[in-house]
Amino acid sequence: MHMATTPQPSGSPLQKLDDWDAFLEGRYKEGKAQSEFRQYDAQANPGVAEFYRLNHEKQTLDYVLAKEKEYFGLHRGQKNIWEAADYLNTLVDDSDPDTDLTQIEHLLQTSEAVRGDGHPEWMIVTAFVHDLGKVLCLYGEPQWGVVGDTFPVGCAWSDQIVFCEYFKGNPDANVPEYQSEYGIYKPACGLENVHMSFGHDGYIAEVLKSYLPDEALYMLRFHSFYAWHRHSAYAHLMNRKDERMLGWVRKFNPYDLYSKGHTKPDVKQLKPYYEDLFAKFFPDQIAW
Ligand code: FE
Ligand code: FE
């Protein structure tokens with residue numbers, strides 16, 4: 001029997017990474033009234049709240065710049081897409097094998113939903129790879145540095161960011177330059193030129209930026225930037241390209257949020273189709 005009350009080591013308030021995804025799904029449940037929103041957040045999800053406290057306090061501009069330097073040079077070895085997915089699948093957290101999907105099953109469920117709706121091949125591929133950046137956990141990065149809503153650092157935090165009250169504990173709160181509307185950025189500088197809080201989104205976009213179209217890279221880079229794609233914050237940093245791409249990011253989001261069904265995709269049966277598809281977009285080996 002699965003026990004839900006295992007005490008967690010400090011710094012790992014989520015029982016498993018997917019708890020954050022489940023929280024998102026609940027947060028954006030269709031038809032939910034705004035008044036239910038905070039209630040869902042605070043009392044029902046102490047683990048999630050603690051996770052966001054750590055995330056919001058520790059994602060400083062300096063932290064982000066250091067992590068970008070550490071990872072964006074892609075010095076973590078070569079792997080093809082399926083090898084990376086197999087590697088991600090070795091991530092075992094406190095999940096229930098009877099009801100929880102493996103990481104590969106979540107990727108396939110997302111990509112199969114996109115494929116089922118007749119979207120182009122680049123979007124099917126994008127759906128499959130969208131969470132491969134979670135391999136950061138296997139490199140030893142903490143939960144709060146891998147998943148969670150993302151947000152710009154180096155400028156004022158939007159009050160549209162979930163649990164934004166926790167930013168008062170972030171050292172950047174004491175740096176006046178980072179607390180103005182534009183912070184270290186210029187008006188309409190473009191979101192690709194903004195340093196986002198570090199996590200699986202930005203990392204996978206960096207890994208695959210030579211191989212996928214801009215629409216796909218926006219879906220990857222900004223899929224957890226809910227303050228932007230869901231709540232329309234940070235318009236003052238957007239350029240024309242961001243305006244064109246926002247619709248694509250929004251098109252992808254429901255597949256990420258709501259494709260978690262209870263039927264497990266048949267990995268063995270689907271693998272040949274996906275290997276052929278990957279061969280159309282990616283070289284045999286990719287630098288991670
Ligand atoms: Fe994700
Ligand atoms: Fe996902």
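**Note on the predicted model**

1. Tryptophan 20 touches Leu14, Val48, Phe51, Val147 and Gly148, leaving out residues up to four places away in sequence. Two residues touch, or are in contact, if their C-beta atoms, placed from the backbone, lie within 7 Å. Trp20 and Ile204 touch the most other members of the largest nonpolar core, which has 65 residues. Such a core is a set of buried Ala, Val, Leu, Ile, Met, Phe, Trp, Tyr and Cys residues joined through C-beta atoms within 7 Å. Helix 7 (residues 121-129) gives the most to this core, with six residues.

2. This is a predicted model, in which local features need pLDDT of at least 70 and side-chain atom pairs count only at pLDDT 80 or more, while totals for chains, interfaces and linings use all residues. Residues are numbered from 1 along each chain as its sequence is written, and chains are lettered from A and ligands numbered from 1 in the order in which they are written.

3. The chain has 12 helices and two strands, in the order α-α-α-α-β-α-α-α-α-α-α-α-α-β along the sequence. Helices (H or I, at least four residues) and strands (E, at least two) are DSSP runs, numbered from the N terminus. Of the 288 residues, 39% count as buried. A residue is buried if 20 or more other C-beta atoms lie within 10 Å of its own, exposed if 12 or fewer, and partly exposed in between, with C-beta atoms placed from the backbone. Among contacts between residues at least 6 apart in sequence, 79% join residues at least 24 apart.

4. Helix 6 (residues 103-116) is mostly covered, with 11 of its 14 residues buried. Among the buried ones are His106, Leu107, Leu108 and Val114. The buried residues of helix 6 pack against helix 5 (81-89), helix 7, helix 11 (240-258) and helix 12 (267-281). From first C-alpha to last, helix 6 reaches 20 Å, close to the 20 Å expected at 1.5 Å a residue; the expected span is 1.5 Å times one less than the number of residues. Just after helix 6, glycine 118 takes a positive phi of about 75°.

5. The axes of helix 8 (residues 200-208) and helix 9 (residues 214-221) come within 7 Å and cross at roughly 155°. Axes are lines fitted to C-alpha atoms, for helices over the stretch in contact, and angles run from 0 to 180 degrees between N-to-C directions. The two helices are therefore roughly antiparallel to each other, a term for angles over 145 degrees. Asp201, Gly202, Ile204, Ala205 and Leu208 in helix 8 meet Leu217, Leu220 and Arg221 in helix 9. These residues divide into five nonpolar, one polar and two charged. Here Ala, Val, Leu, Ile, Met, Phe, Trp, Tyr, Cys and Pro count as nonpolar, Asp, Glu, Lys and Arg as charged, and the others, Gly among them, as polar.

6. Phenylalanine 167 lies in the loop between helix 7 and helix 8 and is buried, with 22 other C-beta atoms within 10 Å. Beyond four places in sequence, phenylalanine 167 is in contact with His56, Trp157 and Ala173. Phenylalanine 167 and arginine 53 are 114 residues apart in sequence but 7.8 Å apart in space, C-alpha to C-alpha.

7. Alanine 188, in the loop between helix 7 and helix 8, has a positive phi of about 55° although it is not a glycine. Alanine 188 is partly exposed, with 14 other C-beta atoms within 10 Å.

Methods: Parallel < 35°, antiparallel > 145°, perpendicular 65-115°, else oblique.
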